[in-house]
Amino acid sequence: MYVAVKGGERAIDNAHAWLAEDRRGDLGVAELSIAQIREQLALAVGRVMAEGSLYDPDLAALAIKQARGDLIEAVFLIRAYRTTLPRFGASHPVDTAAMACDRRISATFKDLPGGQILGPTFDYTHRLLDFTLAAEGLAPPAPPMAPPAEGDLPHVTGFLAREDLIQSNPDGPDTPRDLTREPLDFPADRPLRLQALARGDEGFVLSMAYSTQRGYGKNHPFVGELRIGSVPVEMDIPELGFAIELGEMVLTECETVNQFTGSKTEPPQFTRGYGLVFGQSERKAISMALVDRALRWEELGEDNEGAPAQDVEFVLYHADNVQATGFLEHIKLPHYVDFQSELELIRRLRAEAMQATRQEAAE
Amino acid sequence: MTEYNFAYLDEQTKRMIRRAILKGVAVPGYQVPFASREMPMPYGWGTGGVQVSAACLTPEDTLKVIDQGADDTTNAVSIRKFFEKTAQIAVTEKTAEATIIQTRHRIPETLLTEDQILVYQVPMPEPLRFLEPSEVETRKMHALQDYGLMHVKLYEDIARHGEIATAYSYPVMVEDRYVMSPSPIPKFDNPKLESAALQLFGAGREQRIYAVPPHTRVVSLDFEDHPFDPSKAPHPCALCGAEDTYLDEVITDDAGTRMFVCSDTDYCGARCEAAA
């Protein structure tokens with residue numbers, strides 16, 4: 001006799017045990033340490049912090065280890081941890097002009113105050129597998145270090161703004177809305193859009209940005225400036241009555257200079273796109289700036305071409321990889337009740353259709 | 001587990017969710033936006049339902065969790081364990097003993113009472129979504145009670161198939177005001193939406209909560225000449241013999257032999273026990 005399937009609980013426990021064993025892999029191979037991941041997979045750590053919306057390299061490294069290197073799963077672990085953390089205040093806005101830059105380049109000026117700083121980039125490497133890395137234990141030769149730049153590095157867009165050649169950034173609300181504490185709501189203002197893009201999936205934001213370059217919502221971007229480095233984070237402590245430095249964080253910032261618009265009342269001016277992400281991720285920062293600029297079509301009086309990157313609902317509702325992964329993968333959960341109702345419906349419809357055909361043939 | 005608050009969420013978050021629930025109860029069928037939190041299970045696995053349950057649970061509650069009508073499906077087990085761990089509440093598989101029932105895709109066969117809350121996991125709260133992809137537009141349509149598009153869709157179904165070709169997530173009208181998605185329950189369950197129990201719907205990823213308060217009028221959309229028909233497989237249950245329950249079709253051998261058994265395992269089990 002048939003007995004309904006049982007054993008879900010035992011199956012889950014066994015699956016978890018197997019997962020833990022697979023995560024560790026061959027016991028004959030040394031286990032990865034959190035510090036190794038943090039130091040040697042720093043770009044993965046940066047991505048997990050950025051999309052997890054939590055700046056903590058050690059936790060991100062732990063999440064990567066626990067997720068077996070699945071970065072979206074690691075982002076999910078960080079998000080689920082972050083949501084339980086109490087809020088005890090907000091920092092001052094970070095001042096990226098005061099960034100201690102490891103890298104700072106402009107594609108719009110050959111040279112500029114503070115200079116072009118190439119920094120640790122893959123840009124001009126030849127993508128040849130380096131088999132010497134397979135031999136472990138060799139320390140790379142130390143690069144010659146230039147003395148760090150004195151004082152603040154001015155933003156390139158500042159030079160354009162001095163001549164009024166680029167639109168100023170309109171003032172936003174003093175306290176931007178917080179996507180993680182309020183439901184997403186439209187119309188979504190620019191701070192909210194930037195927030196969603198900053199934690200959006202790198203691949204999704206990249207593809208959206210790429211689509212604008214290929215003609216779907218074209219906005220002719222130049223990388224006015226791209227900078228990577230660490231900035232201090234300060235916060236007012238009410239009990240003290242002044243701000244103290246909480247620590248430093250590494251950020252990547254991209255400002256694009258885009259096609260100008262002009263109208264009867266305003267002379268032509270360049271416009272801006274902006275990207276800012278945790279860690280070192282130029283791909284994400286540049287992509288974010290392009291998508292930001294595409295989403296500004298309405299305030300800049302441009303045409304809506306119906307391009308995906310111009311559709312704020314499309315971009316904001318689909319940028320989050322934790323939401324997307326969850327919903328996509330949930331279709332592997334049992335759906336047999338719904339499927340059963342569809343089965344019965346299709347059998348009934350087929351029976352009716354076949355009967356109608358038979359009747360026609362008989363007539 | 002002392003690292004987390006009772007039922008995982010912090011009290012502030014629970015208050016925020018309860019405010020959304022109260023608004024939903026005050027405006028039956030209206031989708032209330034709420035600041036859905038990331039939960040330690042993926043979106044699509046019932047994060048909306050879990051948040052609603054967490055906000056409703058008290059230490060005295062007894063929780064039942066079902067998926068596809070069964071208590072023993074893996075995701076139901078996982079959610080039940082989550083609350084056992086984070087809230088140390090009593091759990092049960094018996095519908096009548098539960099004060100809160102979290103469900104995915106079914107309404108229990110046993111009639112619910114005023115002392116019970118049924119919490120639905122909702123993947124897509126917007127019944128108009130497949131007709132209009134923009135949230136801004138669908139909210140406007142609800143505000144204006146502009147449901148023409150939905151009626152046209154149902155009419156086109158009839159023109160093409162001779163009947164409304166929606167077998168689950170069959171849309172309903174709540175108190176003559178809001179068209180509402182009952183979540184992906186089979187339309188067989190739709191008549192049970194008029195219930196003595198409070199029914200709460202949580203959509204985590206889409207950040208919406210809505211409610212059907214006890215004894216609210218819930219009407220499945222239809223036409224006078226094509227009345228709503230809560231169909232089911234034309235068989236009795238092979239285990240308990242019930243003729244009025246929703247049945248799962250089970251393939252029992254390589255030759256494709258089929259049998260039909262109650263999807264509600266508690267209901268079926270109790271009937272089999274009583275007969276034995």
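## Two crossing helices

At roughly what angle do the axes of helix H1 and helix H2 of chain B cross? In this predicted model, the axes of H1(B) (residues 11-26) and H2(B) (residues 47-56) cross at roughly 100 degrees and come within 9 Å. Axes here are lines fitted to C-alpha atoms over the stretch in contact, with angles from 0 to 180 degrees between N-to-C directions. The two helices are therefore roughly perpendicular (65 to 115 degrees). Helices are DSSP runs of H or I, at least four residues, and strands are E runs of at least two, numbered from the N terminus.

Who meets whom? B:Lys14, B:Ile17, B:Arg18 and B:Ile21 in H1(B) meet B:Gln51, B:Val52, B:Ala54 and B:Ala55 in H2(B), where contact means C-beta atoms, placed from the backbone, within 7 Å.

## The core

The largest nonpolar core has 59 residues, and B:Ile21, B:Leu57, B:Leu200 and B:Ile209 touch the most other members. Such a core is a set of buried Ala, Val, Leu, Ile, Met, Phe, Trp, Tyr and Cys residues joined through C-beta atoms within 7 Å; buried means 20 or more other C-beta atoms within 10 Å of a residue's own. Helix H3 (residues 74-87) of chain B gives the most, six residues.

## Where the chains touch

Chain B brings 50 residues to the contact and chain A brings 39. On chain B's side, H3(B) gives the most, with four residues.

## Reading the labels

Residues count from 1 along each chain as its sequence is written, while chains are lettered from A and ligands numbered from 1 in written order. Because the model is predicted, local features need pLDDT of at least 70 and side-chain atom pairs 80 or more, while totals for chains, interfaces and linings use all residues.

Notes:
A residue is buried if 20 or more other C-beta atoms lie within 10 Å of its own, exposed if 12 or fewer, and partly exposed in between; C-beta atoms are placed from the backbone. Angles under 35 degrees count as roughly parallel, over 145 as roughly antiparallel, 65 to 115 as roughly perpendicular and the rest as oblique. Two residues are in contact if their C-beta atoms, placed from the backbone, lie within 7 Å.
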